[in-house]
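Please open the structure in your viewer and keep the sequence beside it. The tour below goes from one selection to the next and says what is found at each stop.

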Amino acid sequence: MNELIVLAKEAQKKSYSPYSNFKVGAALKAKNGQIYLGCNIENGAFAPSCCAERVAFYNAITNGVTKFEAIAIVGDKEPCFPCGVCRQVMLEFCDKDFKIIVNNKVYTLEQMQPYAFKLGE
Ligand code: THU
């Protein structure tokens, strides 16, 4: 847990967030032990902006990794819980017991997003 939080803080330093001035970092641990980082990346047109969590997921998936164990999220203001869009991305790739570490506490995906939408279920 500590290692993931430390790495999320490292990723947070890379945040490109000149519009909100709110830096977020995420460290995503895959089931194969690899860790993928993400920071929020904003855009002057706003809509193309992407949260740190999704950047971490897309980074892993681009590297062929699709099974995940845990994610740590660090924001300028704590607790920094994942937004609804990022929760939906987690639901696509993760089991109910996927761990979400926010402000030194561990939540499961099921706790974070009950009554989830899943196509075909
Ligand atoms: N943000 C994240 O990256 N992750 C979160 O969990 C919450 C919000 C980003 C989006 C935007 O760049 C900035 O934080 C302010 O909303």
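Which backbone atom lies 3.2 Å from an oxygen atom of the ligand? Select Phe-81, because a polar backbone atom of this residue is 3.2 Å from a ligand oxygen, and a polar contact is a pair of N or O atoms within 3.5 Å (within protein, one must be able to donate a hydrogen and the other to accept it, and residues adjacent in sequence count only if both atoms are side-chain atoms). On its own the ligand has 380 Å² of accessible area, of which the protein covers 76%; such areas come from the Shrake-Rupley method with a 1.4 Å probe, and for residues only the protein chains shown count as cover.

Before going on, note that this is a predicted model, in which local features need pLDDT of at least 70 and side-chain atom pairs count only at pLDDT 80 or more, while totals for chains, interfaces and linings use all residues. Residues are numbered from 1 along each chain as its sequence is written, and side-chain values use heavy atoms, with hydrogens and water left out.

Stay at the ligand and select Asn-40, where a polar side-chain atom lies 3.0 Å from an oxygen atom of the ligand, and then Glu-42, where a polar side-chain atom lies 2.5 Å from a ligand oxygen. The residues around the ligand (those with a heavy atom within 4 Å of it) also include Ser-20, Val-24, Cys-51 and Pro-82.

Next, select strand 1, residues 24-30; helices (H or I, at least four residues) and strands (E, at least two) are DSSP runs, numbered from the N terminus. Strand 1 is largely enclosed by the rest of the structure, because 6 of its 7 residues are buried, where buried means under 20% relative accessible area, exposed over 50%, and partly exposed in between (1.4 Å probe, protein chains only). Centre the view on Leu-28, which stands opposite Ile-71 in strand 3 and opposite Tyr-36 in strand 2. In the hairpin of strand 1 and strand 2, with 4 residues between the strands, Gly-33 takes a positive phi near 95°.

Return to strand 3, which is mostly covered, with 7 of its 8 residues buried. Strand 3 pairs in the parallel sense with strand 4, residues 99-102, over 4 bridges, and Ile-73 stands opposite Val-102 in strand 4.

Now follow the loop between strand 3 and helix 3, where Pro-79 has its place, and find the cis peptide bond that joins Glu-78 and Pro-79, with omega about 0°. Most residues other than glycine have a negative phi, and most peptide bonds are trans. Phe-46, in the loop between strand 2 and helix 2, has a positive phi near 65° and counts as exposed at 57% relative accessibility. Tyr-115, in the segment after helix 4, has a positive phi near 55° and counts as exposed at 85% relative accessibility.

Finish with Met-112 in helix 4, residues 109-112, which counts as buried at 9% relative accessibility. Met-112 and Arg-87 are 25 residues apart in sequence, and their C-alpha atoms are 7.9 Å apart in space.

Notes: Two strands pair if DSSP finds at least two bridges between them.
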